[in-house]
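Open your viewer and get ready to select residues. We will take a few stops, one at a time.

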Amino acid sequence: MTTIYEIGRGAEFGAGDATLPRFPRSAKAEALIAQSDAHTAHNYHPLPVVIAEADGAWVTDVDGNRYLDMLAGYSALNFGHRNPVLLAAAREQLSRVTLTSRAFHHDQFGPFVAELAQLCGKEAALPMNSGAEAVETALKTARKWGYQVKGVPEDRAQIITCEGNFHGRTLSIVSFSTDPDARNEFGPFTPGFVSVPYGDAAAIEAAITSDTVAVLLEPIQGEAGVLVPPDGYLTAVREICTRRGVLMMADEIQSGLGRTGYTFACDHESVVPDLYILGKALGGGILPVSAVVADRDVLGVFKPGEHGSTFGGNPLACAVGRAVVGLLATGEYQARARVLGAHLHEALATLPKEMVRSVRGRGLWAGIDIDPALGTGREISERLMTRGVLAKDTHGSTIRMAPPLVVTAEELDWAVRQLHSAAG
Ligand SMILES: *Cc1c(COP(=O)(O)O)cnc(C)c1O
């Protein structure tokens, strides 16, 4: 009998249709999970799978079971696990120089910021490490710009944010989260933020005052359940920001770099924000690389000593980031996400109406609301895991699918069949 354990690229995907017990896990897997539980904070609730190896769209656990990765590190792995082009760039750089700090110049920095800015149609880029750091950098940029360029009185700057947002986990960022889990018992919070409903451009306009320096939004809200705003929303926000002299800052950390079928989710409306916030896939699934990208009149507000990061823009990060920019410059990944995204959404549309309440998303990105009577998102994710598919719930009974862009149409069909079985 063919078992799900043998399924992998090139194998027969249909063989996974039978439910096969993956449990109990091996003693080795159990011990590794117990060790994690005993020695770290319980700030995550991982699926009980212990990954040991990965390649392309597939991961292998410590017991040799293979799984199709339909989460892709929340879009940090857009180019697949261990993409050969990105690994080669990293290896090349590892053999030369990996870290200098920004106290000195190095030969990867200039090329990276120039190439990244060009990809974004902007003049300048400021590299950081994690996504949250890039968001913090954007907030600081907007405040400085407000005081220096717009002439907002000292300490009065306000930034408009959207309900249901996810921009990271630092104290200032959770200060404008509307998710109680992100905020409870973390106060007091940073002032200077106003929250408006997502997808409502008129609410943004109404919230703008002479102290408003920026609007910060996700062009598609990922953590909220892959919420796509109404058509014309981004265009309207762009027009309002231009007319009212406010910076439009697009957090494309999860939505950008190919995921939705274009380099940026803003491209769906041909909207260019004043500032892009990038992360996740910018590090090629190898290391954390983030950045804010804008024109010089915006990023030029910083003077030496006013902002920085020891690791931001390090040689290894820049070398990998350059290779990522190189992959995106060909347009191949964006085209793949467009074609395969249409395929995924067609396959999801065939699932029974009683099972799936709604499906949202763009490109290779889907938020799938399963009928809660069939199980919580967590339960369905666990059942999917036993069928060789790794996906993660967001809120309630919403399953997010965001595979690496190297996934194939057959693999997507197989994953949707597994979802059908897991929810049925
Ligand atoms: C993941 C994410 C962040 C935070 O990135 P980290 O690297 O986890 O700090 C910010 N914004 C969005 C939209 C994200 O998806």
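A salt bridge is a side-chain nitrogen of Lys or Arg within 4 Å of a carboxyl oxygen of Asp or Glu. The structure holds 17 of these. This is a predicted model, where local features need pLDDT of at least 70, side-chain atom pairs count only at pLDDT 80 or more, and totals for chains, interfaces and linings use all residues. Residues are numbered from 1 along each chain as its sequence is written, and side-chain values use heavy atoms, with hydrogens and water left out.

**Stop one: two salt bridges**

Select Glu239 and Arg243. Their side chains meet in a salt bridge, with N to O at 2.7 Å.

Now select Glu92 and Arg96. They form a salt bridge too, and the closest N and O atoms are 3.6 Å apart.

**Stop two: the ligand**

Look for polar contacts (here, pairs of N or O atoms within 3.5 Å). Which atom of the ligand lies 2.8 Å from a backbone N or O atom of Ala132? An oxygen atom does. Move to Phe166: a backbone N or O atom lies 3.3 Å from a ligand nitrogen. Finish on Gln254, where a side-chain N or O atom is 2.7 Å from a ligand oxygen.

Conventions
A polar contact is a pair of N or O atoms within 3.5 Å; within protein, one must be able to donate a hydrogen and the other to accept it, and residues adjacent in sequence count only if both atoms are side-chain atoms.
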